[in-house]
Amino acid sequence: MTAPLIKICGLSTTETIEASLDAGASHIGFVHFEPSSRHLSLDDAARLRRCVSSDRKAVLLLANADPHTTATAIDRIRPDVVQFHGRETPEWVGLVRQQAKVEVWKAVGLREPATLKRAGKWKGKVDRLLYDAPAKALPGGNGEAFDWNWLSDHDHEIDWGLAGGLTPENVARAIRTTGAPLVDTSSGVESAPGVKDVDLIRSFCEAALQS
Ligand SMILES: O=C(O)c1ccccc1NCC(=O)[C@H](O)[C@H](O)COP(=O)(O)O
């Protein structure tokens, strides 16, 4: 099996970005969502984005951002990918993809297997779907997993990735169960809410790459 792509989300220091890149992460996520402990101002996100080398991808995460915020954030941060993690519609994310000429991902919270059947509505609107646990206090980044078996024999029509409660201990099993081509973690590599831990980042990447 090909090694999965790895996204480390919610980074806020140069040290943890460098550790993620050294450990083999392909995608570095920056959260611009004020209620989150991982929120970055546009200035900080634009500064940190420059630490992401051109052979990896910077991901800007937005949740229910209005059109002005979305346009301003894309313009300032110049991400490779925009990850929409709220209640955005297929029409809206499709429009952003078309107009901003940026790769677009949409997080889909899986409450039940039937949600997978409705994923077709994103076809042609997004470059990747990110299957995550359903929203709780925050739309994402809650450290909660869903039943990976729901994905084990799903016939994917759209590129996808797996998120939700992934840790250094469970990521290899998650990849074996689902065949995920990309894994995404945030809480699982933190020592406290919003505080990333370089040792956990390294362990996560090692486990994912050896799976
Ligand atoms: O991280 C946040 O604070 C956040 C806020 C609002 C929307 C999404 C958010 N995070 C998304 C992620 O970090 C990941 O893409 C995904 O949900 C996995 O998170 P976790 O379960 O914590 O590993």
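Figure 1. Ala 107 stands opposite Leu 130 in strand 6. Leu 130 in turn stands opposite Gly 161 in strand 7. The model is predicted: local features need pLDDT of at least 70, side-chain atom pairs count only at pLDDT 80 or more, and totals for chains, interfaces and linings use all residues. Residues are numbered from 1 along each chain as its sequence is written. Strand 5 (residues 103-109) and strand 6 run parallel, joined by 5 bridges. Strand 6 and strand 7 also run parallel, with 3 bridges between them. Two strands count as paired if DSSP finds at least two bridges between them. Helices (H or I, at least four residues) and strands (E, at least two) are DSSP runs, numbered from the N terminus. Strand 6 (residues 128-132) is largely enclosed by the rest of the structure, because 4 of its 5 residues are buried. Buried means 20 or more other C-beta atoms within 10 Å of the residue's own, exposed means 12 or fewer, and partly exposed lies in between; C-beta atoms are placed from the backbone.

**Figure 2. Leu 129 in strand 6**. Leu 129 is buried, with 21 other C-beta atoms within 10 Å. Its contacts, leaving aside neighbours within four places in sequence, are Lys 106, Val 108, Ala 119, Trp 122, Ile 158 and Trp 160. A contact requires C-beta atoms, placed from the backbone, to lie within 7 Å. Leu 129 and Ile 158 are 29 residues apart along the chain, and their C-alpha atoms are separated by 6.9 Å.

**Figure 3. Trp 160 in strand 7.** Trp 160 lies in strand 7, which spans residues 160-162. Trp 160 is buried: 23 other C-beta atoms lie within 10 Å. Beyond its neighbours within four places in sequence, Trp 160 contacts Arg 128, Leu 129 and Tyr 131. Ser 26 is 134 residues from Trp 160 in sequence, and their C-alpha atoms are 15 Å apart in space.

**Figure 4. The buried side of helix 7.** In helix 7 (residues 171-178), the buried residues are Val 171, Ala 174, Ile 175 and Thr 178. They cover an arc of only 95° around the axis, which puts them on the same side of helix 7. The arc is that of the directions from the helix axis to the C-beta atoms. An α-helix has 3.6 residues a turn, so residues three or four places apart point the same way. The cover over the buried residues of helix 7 includes helix 6 (149-152), strand 7, strand 8 (182-185) and helix 8 (198-210). Gly 179 follows helix 7 and has a positive phi, near 70°.

Figure 5. Val 93, Val 96 and Arg 97 are the buried residues of helix 4. They sit on the same side of helix 4, because they cover an arc of only 100° around the axis. Glu 91, Gln 98 and Gln 99 are exposed on the other side of helix 4. Helix 3, strand 4 and strand 5 are among the elements that cover the buried residues of helix 4. Just after helix 4, Lys 101 takes a positive phi of about 50°. Lys 101 is found in the loop between helix 4 (90-100) and strand 5. With 8 C-beta neighbours inside 10 Å, Lys 101 counts as exposed.

**Figure 6. The loop residue Arg 78.** Arg 78 is found in the loop between helix 3 (67-77) and strand 4 (81-84). Its phi is near 50°, a positive value in a residue other than glycine. Arg 78 is partly exposed, with 13 other C-beta atoms within 10 Å.

**Figure 7. Phe 30 in the largest nonpolar core.** The largest nonpolar core has 55 residues; Phe 30, Leu 60, Leu 62 and Val 183 touch the most other members. Such a core is a set of buried Ala, Val, Leu, Ile, Met, Phe, Trp, Tyr and Cys residues joined through C-beta atoms within 7 Å. Not counting residues up to four places away in sequence, Phe 30 touches residues including Leu 11, Leu 40, Ala 45, Leu 48, Arg 49 and Ile 77.

**Figure 8. The annotated region and model confidence.** The mean pLDDT of the protein chain is 96, and 100% of its residues reach 70 or more. pLDDT is the predictor's confidence in each residue, from 0 to 100. The model scores ipTM 0.97 and pTM 0.96. Over residues 6-206 the chain is 32% helix and 21% strand, with end C-alpha atoms 10 Å apart.

Note on methods. Contact = placed C-beta atoms within 7 Å.
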